[in-house]
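Here are my notes on this model. Please read them with the structure open.

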Amino acid sequence: MEKLKNRWLIVTSAVGIHISIGSVYAWSNFTNPLMEQYNWTASQVQLTFSLAILFLGLSAAFLGHFVEKHGPRKSGLLASAFFGIGVFCTGFAVKFESLPLLYICYGVLGGIGLGVGYIAPVSTLVKWFPDRRGMATGMAIMGFGFAAAISSPIMDYLIKNTGIANTFFILGAAYFIVMTVSSLYLAKPPDNWTPRGYKEKVEAGKISADLAQLTANEAVKTSRFYYLWIMLFINITCGIAILSAASPLAQESIGMSSIEAAAFVGVLGIFNGLGRIGWASASDYLGRPNTYTAFFAIQIVLFALLPFTTISILFQIMLAIIYTCYGGGFSSIPAYIGDIFGTKQLGAIHGYILTAWAAAGVAGPMFAAWVKDATGSYGNSLLFFAGLFVVAFVVSLLIRLDIKKLKERASAHAS
């Protein structure tokens, strides 16, 4: 009989994978060097990142069933192969000065690795931590959020000292090793396994049992699946629009210099990471429905006030809070899925839900840029986003009706 794995080492393995793939958020470190060395335009270089996020969402959706069928270890190894090799071969794309090869290696291959690498460890953590789902998934996804802060100085150093192509070779090899080692420890818990004291806590009403155990194909036929999708889509659309425009927004709203704005964006990244662990951990006590309703109530107010805020410190505090809600939306969603759909095919369901990320990654920045071009200010898009959060707030209340019906049905069945 195989020895039971340490679930905290499962967390460590998940963080190792997420810190590796989360380096995608540090792509901007390559923007200027690639533009200056090869005379590529900003939009040509930026398309690489957009493709990576697009294929993250698509691969998460299409390979979610692979994760469920073959388990987290094989899925993690698949992710390490795609992401590690994709980043490594990007070095050849740079050497050959080939944009199509750049898009294929980093955008497509790397993006596929991103998607599988994102869902495999997270779906596993939900199963190992039925008692503290939010905290466990928050720790891994926090690694994804903080990865840019860790990767950026390393990338900057390597680019200056080894060149752009060699930087990709070094990083690709490093990511492959870290992700492979991390994946080898990943495993699902044994069937019907629960942590010590879990059943007693459920019986005492301290922890809520899962409301259902659905397959992915069953989940997509329910209204609550689409409620979750809409809530995540709106939270990411508005948040990623702010992410993409935070520096110019700070400059035009409160008169920050470009250097000050760049430093401010770095600080906001920390709040993004803190929000992932903070909100997700809080959701274990507040409940996922209350957490999401809080996200939207807070952001309705903040997005409505931001265009009219000229006091520097207040503006910065408001943006920092928005960033925590943005990060918290990512980290709380796997636990929410487990609560209302169960863990039967959580990886596949999570993959389907993450198509909201792919769609929002295109919609948010493009809309903010369009408003800027049309009106001359990013501030005007913020009021529209406040309206979107009103829609999300309503949806967060509607999903409660579904959850209430599920609880009533479970109670009636139990009696």
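This is a predicted model: local features need pLDDT of at least 70, side-chain atom pairs count only at pLDDT 80 or more; totals for chains, interfaces and linings use all residues.

1. Residues are numbered from 1 along each chain as its sequence is written, and side-chain values use heavy atoms, with hydrogens and water left out.

2. Ser23 sits in the loop between helix H1 (7-21) and helix H2 (28-38). Helices are DSSP runs of H or I, at least four residues, numbered from the N terminus. Ser23 is buried, with a relative accessible area of 1% (buried is under 20%, exposed over 50%, partly exposed in between, with a 1.4 Å probe and protein chains only).

3. What does Ser23 contact, leaving aside neighbours within four places in sequence? The partners are Phe83, Tyr106, Ala147, Ser151, Met155 and Tyr175. Contact means heavy atoms within 4.5 Å. A polar atom of the Ser23 side chain also lies 2.7 Å from the backbone oxygen of Ser20.

4. The lining of the second largest pocket divides into 10 nonpolar, four polar and 12 charged residues. Asp, Glu, Lys and Arg count as charged; Ala, Val, Leu, Ile, Met, Phe, Trp, Tyr, Cys and Pro as nonpolar; the others, Gly among them, as polar.

5. Glu260 is in helix H11. Glu260 is partly exposed, at 47% relative accessibility. The Glu260 side chain reaches the backbone nitrogen of Ser257 at 3.0 Å. Glu260 and Thr48 are 212 residues apart along the chain, and their C-alpha atoms are separated by 27 Å.

Technical notes:
Helices (H or I, at least four residues) and strands (E, at least two) are DSSP runs, numbered from the N terminus. A polar contact is a pair of N or O atoms within 3.5 Å; within protein, one must be able to donate a hydrogen and the other to accept it, and residues adjacent in sequence count only if both atoms are side-chain atoms.
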